[in-house]
Amino acid sequence: MASADWELLERDGESAAIAAAIGEAGRGRVLLVEGAAGVGKSQLLAEVRTSAARAGADVLAARGIELERDFAFGVVRQLFEPLLTAADDPRRQALFAGPAGQARDVFALPGTAAGGPPTGDLAVLHGLYWLAANAAQDRPLVLAVDDLQWCDTASLRYLAYLLPRIEDLGVLLAAALRTGEPATDDHLLRQVTADPLTRVLQPRPLSPTATGTLLRQSLRQEVAPAFTTACHTATGGNPLLLRELARTVTARQLAPDADNAALVPTLGPAAVARLVALRTAGLEPTVVALARAVAVLGGRAPLPLAADLAGRDSQMALQDAVVLEARGVLQLEDDDGLLVLAFVHPLVLTAVTDAIDHAERARAHRDAARLLGTRGAEPERIATHLLHVPPGGDRQAVAALRAAAAQAAGRSAPESTYAYLRRALHEPPGEEDYTAVAAQAGLAALPVDLHAAARHLRQAHDRTVDPVARADIAMLLGTAHVYQLDFDTGLTVWERALAELPADQEERRRRLHAYLLSAATWLAPGRGDILARTHDLGRLPVHDSIGGRLLECAVATRESNECDPTAVSRARRALRDGSLVDQAAGDLALIGGWATLMCADDDEILMSSLDAAVEQAHDHGSIYALVPAYATRAITWLWRGHLAEAEQDAREALRSADLGHYDLGKYTATSWYAVLLMEQGRLDEAEQALRSIGVEASGAAPPGPVPMGLLALARLENLRGRHVEALAAARETGRAFEAYDYRVPIWSDWRAEAALALHALGSGAEARVTIAEQLRLARQWGTPLALGGTLRVTATVTPGQDGLDLLHEAVTVLDGSPARLEQAKTLAELGTVLLRSGSSKAARQPLRQALDLALRCGADPLEQRCRRELAAAGARPRRPALTGPEALTPSERRVAELAAQGHTNRHIAQRLFITLKTVELHLSASYRKLGITGRAHLPDALDPSTT
């Protein structure tokens, strides 16, 4: 009986789960087989592949290789390259159609070079997602990944990107994970293994009964109970160890009887290393050398290459390989006519590798790198070996590592790029190259390790004499320090660069000023000396360059924080076209320009700029550019009362921040996501979200950016009726805001939360004093959202006719503004006050308006409140029918309009960067609200005037 059958003993539950997953592969599923080494994970994964192929699915397989942990997209390439290589040209073009073309540079295929600047990491992930979607278009696709713990970081990031979208595809991701083994990237691995879609299988060791069955099948004879017991005790029921033990028993020609049971512990079956040593004992040195050569090459290698490394000709090496196959060490495979040697199991590979002393292993890796170089191997293949060779001042090694780094950078794999450059610095390069390599390493490390980035950039900066080149490095060096919260060092670096720059470098000067001003505004509290320059910088002549526009955004942000309305025109001027989005995506100053227009309720340029930023990031940008774009758009949707859109964008921001380890982006996005959850009545989820970024009910503001999370906590405590705690959190927020000199009410409305808490605690007079300053600032700023919201809170804490007058003013201010959610809250408050004052009839109209708006916003708590108050006012609140074009959400409207223009669901999904399932949901909702049965009726339904 085959070994696969042995290892599937007592696996009925796992087999049933595999069958179910394959049966549902058309809907997207994730299957994770998890367990100790040798427990049979690979055999279960083999069952997935066999059963899926039998069911008509395309099966793509890969294995994580310990040697290739730094090889960019190594697992992804194992998965897709066979499919792409086998495809004829029309089929390959179809696989790379649409956004999938952004992933071409990942693969070592003829004609895949982009010929332009490197595609950003997000664009590559998005392209790989659509590559899988295209591959699964005609029939289900199975991606089978063994040894997931050794998967390279870039491939892990792709799997983590794929999982939240996999339901939309006919894809089954099946993976095997060895427990107890350090992962390449624990954070990304957790995203894969903890996804809600993931079904985890944990095969258990075999029972004594199954152990006896396996031994009888292997030894082809009866086995004494005492011998079975000894074997089970020695191996713990591990199928691989049992099989290895059976091989040793056969080789020793031992009878499996009670008399020999006592010998079982002496065979060393609990350690594969001992078993491999027994199996290779007495072999010719050349045979052992071949096994070690294959181990050095990663556990699987073409016969000619392994033979060269072992110092044998191919014919003699083939004879050695046959011996190793007979001993159960290696297996011979035919890979499209090429004979390949592979270890029978990763544990056997580990055992052979561990038996090679460190000096010999280093020499073998150096020889492997040399051999691969003479054979024209791609640079990363060579570099994976150089990473295991001690530094030695080898100029050729430096050149090879730099070439590998360039290749990894072209595939948008920063971790791999940095790994190669870091190793090149250790070699080290010659004096003439050291500065350039250090600068490249620092740049590559920015999204990977800020401390390392600062160290390398400092090396490059201090070695650079030219002031312009020093300034360029200083921009990156200061960023590395500021983003690791070392504000003083970062700002000092930028200020020195400013002082050193020649007078003719105006664009760079303005960019550095923008960096300083933005950091002091958002990240580095207490730098009033930098903030004091705002007015002088604002009077500079317009400089139509990227640096000039970034400075305009930075100045506008400070002006808006000072409630100066001139900030709006400045921000509009800076963002009037897409140049900043294209060339400064993710820049802090650009985000400040968006924030200014958000505070001003100015959507005309804001939304087009945000949409362009999302598109740019997906098309050729990075995760660091996408997160602030999605987060800012989510806040904009929230303030405009489009809660469904806000949640969708906030979730995308959080997923992307997790993918890129973007802690600053995660903090900001989570803070506002918590506010969104509160508006939907999901208070427990909001509390959990805030806790995930370190904002606790009993804690102070965590270190980092402006304390939006602590402000969200104050709001949550008020909603829970914990007003003492809300007051404490609000006052702590206020103290933090003072350090940033923040005044614009729409951001720093801590006084509103403090006033509401004081009012609830019976301190009405103090509440009115507290909110008075915010009302003054709101009137100075003058936008509907800021002023209307502050008027509503002021009215809440103001008794009698004065409070009612403030509410009427708020309603007037908000009428016709985009701030629908705040308008709904204000109308609800007005109706409630009128009702409490005995004017039931007058209360009904504002309450009905508030109910309609709350429904359109998706604000469930506000909707429920309006229904209660309407009932108390003697009205019969009915759920208004949300029908007609005006009932569509912005997302539904965009999808419906594209469908009305004749675009397919697939094209709509690609154009809007959403999944096919989301397109289908939006179209279904649109049909229902428009009262139609299909897309053929969309043009007339969206524009009734045409009928």
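# Close-up views of a predicted model

**Figure 1. Three strands form an open antiparallel sheet in the order E6-E8-E7.** Strands E6 and E7 stand at the edges of this sheet, and because each has a single partner strand, one side of each is left without a neighbour in the sheet. On average, neighbouring strands here are turned by 25° against each other, direction ignored. Strand E6 (residues 300-302) pairs with strand E8 (residues 338-343) in the antiparallel sense over 3 bridges, and Arg-300 stands opposite Ala-342 in E8. Strand E7 (residues 330-335) is joined to E8 by 6 bridges, also antiparallel; Asp-334 has Leu-339 of E8 as its bridge partner. E7 and E8 form a hairpin with 2 residues between them, and Asp-336 in the turn has a positive phi of about 55°. Strands (E, at least two residues) and helices (H or I, at least four) are DSSP runs, numbered from the N terminus. Two strands pair if DSSP finds at least two bridges between them. The angles in these legends lie between N-to-C directions and run from 0 to 180 degrees, with axes taken as lines fitted to C-alpha atoms, for helices over the stretch in contact.

The structure is a predicted model, in which local features need pLDDT of at least 70 and side-chain atom pairs count only at pLDDT 80 or more, whereas totals for chains, interfaces and linings use all residues. Residues are numbered from 1 along each chain as its sequence is written, and side-chain values use heavy atoms, with hydrogens and water left out.

Figure 2. Strand E1 (residues 29-35) and strand E4 (residues 171-178) run parallel and are joined by 7 bridges. Within this pair, Leu-31 has Ala-174 in E4 as its bridge partner. Contact means heavy atoms within 4.5 Å.

**Figure 3. Helix H23 (residues 467-483) has buried residues covered by other helices, including H22, H24 and H25.** The 17 residues of H23 reach 24 Å from the first C-alpha to the last, close to the 24 Å expected at 1.5 Å a residue. This expected span is 1.5 Å times one less than the number of residues. Which residues of H23 are buried? They are Val-468, Arg-470, Ala-471, Ile-473, Ala-474, Met-475, Leu-477, Gly-478, Ala-480, His-481 and Val-482. Buried means under 20% relative accessible area, exposed over 50%, and partly exposed in between (1.4 Å probe, protein chains only). An α-helix has 3.6 residues a turn, so residues three or four places apart point the same way. What covers the buried residues of H23 includes helix H22 (450-463), helix H24 (487-500) and helix H25 (506-522). H23 is followed by Leu-485, whose phi is positive, near 70°.

**Figure 4. Loops between helices hold a cis peptide bond and residues with positive phi.** Most residues other than glycine have a negative phi, and most peptide bonds are trans. The peptide bond from Glu-427 to Pro-428 is cis, with omega near -5°. Pro-428 lies in the loop between helix H20 (414-426) and helix H21 (431-445). Ser-412, although not a glycine, has a positive phi of about 55°; this serine is found in the loop between helix H19 (395-410) and H20. Ser-412 is buried, with a relative accessible area of 12%. Cys-563 is likewise a residue other than glycine with a positive phi, near 65°. Cys-563 is placed in the loop between helix H28 (546-561) and helix H29 (566-574), and is buried at a relative accessible area of 0%.

**Figure 5. The structure holds 0 disulfides.** A disulfide is a pair of cysteine sulfur atoms within 2.5 Å. The sulfur of Cys-553 is 13 Å from the closest cysteine sulfur, in Cys-599, and this is too far for a bond. Cys-553 is buried, with a relative accessible area of 0%; Cys-231 is buried, with a relative accessible area of 0%.

**Figure 6. The chain averages a pLDDT of 91, and 95% of the residues score at least 70.** pLDDT is the predictor's confidence in each residue, from 0 to 100. Among the elements of the chain, helix H1 (residues 3-7) has the lowest mean pLDDT (44), and helix H39 (residues 750-760) the highest (97). Over residues 1-6 the pLDDT is below 50, and beyond near neighbours in sequence this stretch has 9 contacts in the model. Where pLDDT is low, the predicted coordinates should not be read in detail.
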